[in-house]
Amino acid sequence: MTGPDALPEELASWPTHVPPPAVLGQVEMLLAGVSASAATVTVDVPVSVGDASTEAGHLILTDEEGTPLADVAVEKVTAVDNADSVRVGGPVRALRPFRSGPFRGLRRRPDELRRELAEAPALGVPLGRPLTAVEEQLLVDAATDRGARLLVLPCVADVGPSGLPPDVLVRAVRASLPRLATPAGPALLVPLPVVPATDTAAPAGAAEFVHAAGGTLVPPQVAPTPAGWARIASALDAEPDALEEIVATEVAAVLRGWRPPRPQRGLTVFFTGLSGSGKSTLARGLVDA
């Protein structure tokens, strides 16, 4: 096979593994040039896969659909606490472009962003949840004081503490963009393949991405905190009419589409029991009621 998507002829005989989203995101970031160090990765795999990787000298990382994305040249296999797993490590190279994940068309390499942001500083804002209206203004003020543009980075490698699916997170954050412009220019939105943080700290890999793009991370004193999501979630469940007092109308519309007020939500009732015990009869009666 030849061409840009050419794969090694030996690949069919090499072991494969589907890593968790966080590891695939780390690999994608490494291959995008986020780290200045050598692109090496470690991944925990079943013992049988580790044995096959040692023998082949390679481990193929795939997405959930089985598409080969990266090749780890196995240099080290070590034991881990879990007796059923071993840790495989080594340099990684891309085999095919990463195409899975929400809003792939919005993804950008750090070197692309560095060229685009060359005319003004950038303030990077990793996000695992939507912004409140107060936070939008705090970020705009902070960026304006620095003569910077905002680089908004929803973290989409996996569901974070908010419980928002990554695609909903991107839609909600994108709804904030018109209000995040500064005198230096409009805000840029780039989904980041990292897992949202559980606290006020930047998620692993976010600071490296912002630095590689030529920007600086948002100062802790104006960075969004977990408390904002607590207010949003409470309004979604208990006081839906108060949601617009917390977030912009456009953001509220996205969130209500994902999580409507309780009276508007569906539900599932699961009947279990032996054959002939009356599950279907009860279910039909419940539907009628």
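1. Helix α5 lies across β7, β8 and β9, at about 160 degrees to β8. For that angle, axes are lines fitted to C-alpha atoms, for helices over the stretch in contact, and angles run from 0 to 180 degrees between N-to-C directions. Helices (H or I, at least four residues) and strands (E, at least two) are DSSP runs, numbered from the N terminus. Bear in mind that this is a predicted model: local features need pLDDT of at least 70, side-chain atom pairs count only at pLDDT 80 or more, and totals for chains, interfaces and linings use all residues. Residues are numbered from 1 along each chain as its sequence is written, and side-chain values use heavy atoms, with hydrogens and water left out.

2. What does α5 bury, then? In this helix (residues 166-174), P166, V168, L169, V170, A172 and V173 are buried, where buried means under 20% relative accessible area, exposed over 50% and partly exposed in between (1.4 Å probe, protein chains only). Those buried residues pack against β7 (122-127), β8 (149-154), β9 (188-189) and α8; contact means heavy atoms within 4.5 Å.

3. On to the sheet. It is open, with 4 strands in the order β9-β8-β7-β10 and parallel pairing. The edges are β9 and β10 (216-217), each of which pairs on one side only. Two strands count as paired if DSSP finds at least two bridges between them, and β7 and β8, running parallel, are joined by 6. Across that pairing, L123 stands opposite L150 in β8, while V125 stands opposite V152.

4. Strand β7 is largely enclosed by the rest of the structure, because 6 of its 6 residues are buried. A122, G124 and P126 point one way from β7, and L123, V125 and L127 point the other way. In a regular strand the side chains alternate between the two faces of the sheet.

5. Now for a loop residue: I246, between α7 (226-237) and α8. I246 is buried, with a relative accessible area of 9%. Leaving aside its neighbours within four places in sequence, I246 is in contact with T132, A133, R231, I232 and A235.

6. Another loop residue, V269, sits between α8 (249-258) and α9 (279-288) and is partly exposed, with a relative accessible area of 43%. Together with L267 and L286, V269 forms a nonpolar surface patch of about 310 Å² accessible area. Areas come from the Shrake-Rupley method with a 1.4 Å probe; for residues, only the protein chains shown count as cover.

How values were computed:
Patches are made of residues with over 30% relative accessible area and no salt bridge: like charges are joined within 9 Å, nonpolar side chains (Val, Leu, Ile, Met, Phe, Trp, Tyr) within 5 Å. A salt bridge is a side-chain nitrogen of Lys or Arg within 4 Å of a carboxyl oxygen of Asp or Glu.
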